[in-house]
Amino acid sequence: MAAIRLEGVAKTYPGGHVAVRDIDLAIDDGECLVLVGPSGCGKSTLLRLIAGLETPTAGRMLIGGSDVTLLPPQARDLAMVFQSYALYPHMSVRENLAYGLKVRRVDRATASVRVAEVAEALGITDVLDRRPAALSGGQRQRVALGRAMVRQPRAFLLDEPLSNLDPALRAQARAELRRLHGRLAATIVYVTHDQEEAMTLGGRVAVMRTGAIEQVAPPLEVYTTPANTFVARFIGAPPMNLLPAALVGVGAPPGAVAGIRPQDVALGAADGLRATVELVEPRGHDHLVHLRLDAVGAPPVLATIAAAAVPLVGAGTFVTIPHARLHVFDGATGFRLA
Amino acid sequence: MTSIGARTAIIAGVVLLSALVFPLYWMIAASVTPESRLFESPSLLPRPLSFEHYRALFAERDFLIPVRNSLVVASMTTVVTVPIAALCAYAVARLRFRGRGVLLALMLAVSMFPQISIVPPLYLMLRELNLLDTFPGLVLPYVTFSAPLAVWLLTAFFRQLSPELEEAAMLDGASRVRALWDVVLPLAAPGVATAAILTFLYCWNEFLFALSFTLGPDRYTVPVAVTLFRGRYQVPWGQVLAATVVATVPVALLVLTCQRRIIAGLTAGASKG
């Protein structure tokens with residue numbers, strides 16, 4: 001396993017589209033870093049740059065201390081799991097797993113032992129002689145993972161590997177990936193657009209927007225102290241409420257924005273802001289309440305409220321925003337102030 | 001569709017099929033009719049059956065030589081064309097380079113070129129190269145004319161395949177050429193087969209170059225040999241028809257056995273963008 005360093009890496013396409021801009025990032029040996037962001041933010045391009053499938057237009061990349069910026073993918077000794085899995089349809093699962101070893105001229109006996117070990121670890125021994133088309137989605141995902149593991153590469157690159165699984169299977173696969181990372185102590189770069197996946201998997205999370213990294217930090221830190229309004233709204237579901245600071249009554253420079261997570265909003269206390277309930281969405285363990293503040297020009301506010309205390313749609317209520325839970329951002333730049 | 005509509009469609013199909021198949025049937029029937037009865041009032045079933053034309057074809061005319069020539073030339077062309085076309089098509093389908101569209105258009109233009117217009121220059125070139133009346137003297141021009149079609153066909157095929165498969169192979173450690181060999185070509189096998197069959201058929205049927213660049217019976221291909229059957233005072237129609245049957249049957253068998261693949265190949269890229 002090896003550490004990965006990106007220094008000023010950028011990618012501009014011939015048409016002028018900037019996919020990735022000036023990224024500096026150090027991924028430690030054995031770390032699992034999650035790249036997360038909305039679609040089109042450049043996270044997949046960044047992963048493909050690390051893989052060598054795209055050539056950067058600026059900057060350099062180091063893997064294990066050596067410069068790989070201009071090396072083709074086959075010379076980088078990385079393994080990648082694609083969103084589509086990209087299993088070779090004309091080969092059996094066994095041949096799929098062994099292909100990387102065959103290309104690297106590992107002798108057959110060693111290769112078949114490695115394939116058997118990996119198949120055992122992933123529980124796909126029964127399907128080794130089937131073609132990918134005859135596998136379920138979950139099995140295909142394991143084969144794709146197995147193909148990456150069998151070679152013991154310097155790092156794993158995973159491009160939304162769980163997005164084609166149904167929710168139950170996804171949660172299970174996510175837990176397995178975590179265990180696997182613990183066992184292999186592998187360097188992993190993981191791309192997802194799902195903030196929940198990012199929170200649960202990452203040793204660190206890098207939140208991306210329009211080709212740039214907005215914040216890199218451990219998941220809880222990104223959640224508790226988001227660096228700007230974009231990260232604040234992207235991480236955490238439902239998204240954080242952003243209100244003019246003056247409305248909330250917090251001491252802040254003029255034009256500042258106050259953020260409060262829906263979980264921290266309380267209803268009912270008579271000293272709060274007057275509001276009307278617009279919509280109530282039951283979510284099982286709690287309800288998501290959409291509120292319209294009576295103050296002129298105030299944006300809608302979301303609150304998650306325990307099932308026992310849910311107000312009726314159309315009813316008037318009071319919204320209490322605990323100042324201890326507030327995040328304050330600069331109104332113009334969106335950067336965190338407090 | 002209403003039942004009247006369905007019936008009309010079936011009738012139209014039968015009429016069209018008969019129009020296409022009847023000349024073939026007539027060719028086979030006439031090839032086994034004795035010479036003396038060829039121009040009598042025609043009957044649908046030839047009687048008595050006579051194989052004298054076939055006997056004459058192989059015993060007197062040595063028709064096996066043009067058949068062999070055609071087979072050699074068509075096979076050689078196919079073996080040369082398909083690998084070149086596959087590499088070229090892969091580059092056009094996958095690599096980003098300047099002038100890719102122009103390249104494809106130029107190739108198409110080459111295959112649209114009226115053949116007759118380049119016979120004289122080609123003749124002079126082949127004479128300089130001492131390739132007149134040789135197999136390579138036919139194979140080279142055939143490659144230039146059949147490769148564009150093969151490139152277009154294979155480009156459409158390669159574009160259908162997900163680039164992620166090659167990327168996966170490259171991350172597994174394969175070079176681009178190795179990925180092409182291990183992953184792309186096996187998956188594009190129907191397209192490769194179609195390109196090979198169409199190239200073979202083109203050479204098998206080609207007449208003008210074969211007539212212009214061969215000088216004697218030793219190198220005549222089937223179409224040329226059949227054309228030159230006619231003597232000064234008569235045309236041996238029976239033998240001409242027998243020769244046509246001999247020339248058609250292997251091709252018809254080839255196409256019938258591979259028709260599914262050919263259809264898949266020709267419509268590649270037509271649906272599912």
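Visitor: Which residues are in contact, and what share of the contacts in chain B between residues at least 6 apart in sequence join residues at least 24 apart?
Guide: Two residues are in contact if their C-beta atoms, placed from the backbone, lie within 7 Å. This is a predicted model, in which local features need pLDDT of at least 70, side-chain atom pairs count only at pLDDT 80 or more, and totals for chains, interfaces and linings use all residues. Residues are numbered from 1 along each chain as its sequence is written, while chains are lettered from A and ligands numbered from 1 in the order in which they are written. Among contacts in chain B between residues at least 6 apart in sequence, the share that joins residues at least 24 apart is 77%.

Visitor: How many helices does chain B have?
Guide: Helices (H or I, at least four residues) and strands (E, at least two) are DSSP runs, numbered from the N terminus. From the N terminus on, the elements of chain B run α-α-α-α-α-α-α-α-α-α-α-α. Chain B has zero strands, and its helices number twelve.

Visitor: How is helix 7 of chain B oriented to helix 8 of chain B?
Guide: Helix 7 (residues 163-171) of chain B packs against helix 8 (residues 176-187) of chain B with the axes 9 Å apart and an angle of about 125 degrees. Axes are lines fitted to C-alpha atoms, for helices over the stretch in contact, and angles run from 0 to 180 degrees between N-to-C directions. Angles under 35 degrees count as roughly parallel, over 145 as roughly antiparallel, 65 to 115 as roughly perpendicular and the rest as oblique. Therefore helix 7 of chain B is, relative to helix 8 of chain B, oblique.

Visitor: Which residues of helix 8 of chain B make the contact with helix 7 of chain B?
Guide: From helix 7 of chain B come Leu165(B), Glu166(B), Ala169(B) and Met170(B). Helix 8 of chain B supplies Arg176(B), Ala179(B), Asp182(B), Val183(B) and Val184(B).

Visitor: How far apart are the C-alpha centres of domain 1 of chain B and domain 2 of chain B?
Guide: The domain assignment of chain B, automatic or from a database, gives domain 1 (3-50) and domain 2 (56-266). The contact takes six residues from domain 1 of chain B and six residues from domain 2 of chain B. Their C-alpha centres lie apart by 31 Å.

Visitor: How many residues of chain B are in contact with chain A?
Guide: Chain A brings 17 residues to this contact. Strand 6 (78-81) and helix 2 (93-103) of chain A each supply at least two residues of the side that touches chain B. From chain B, the number of residues is 15.
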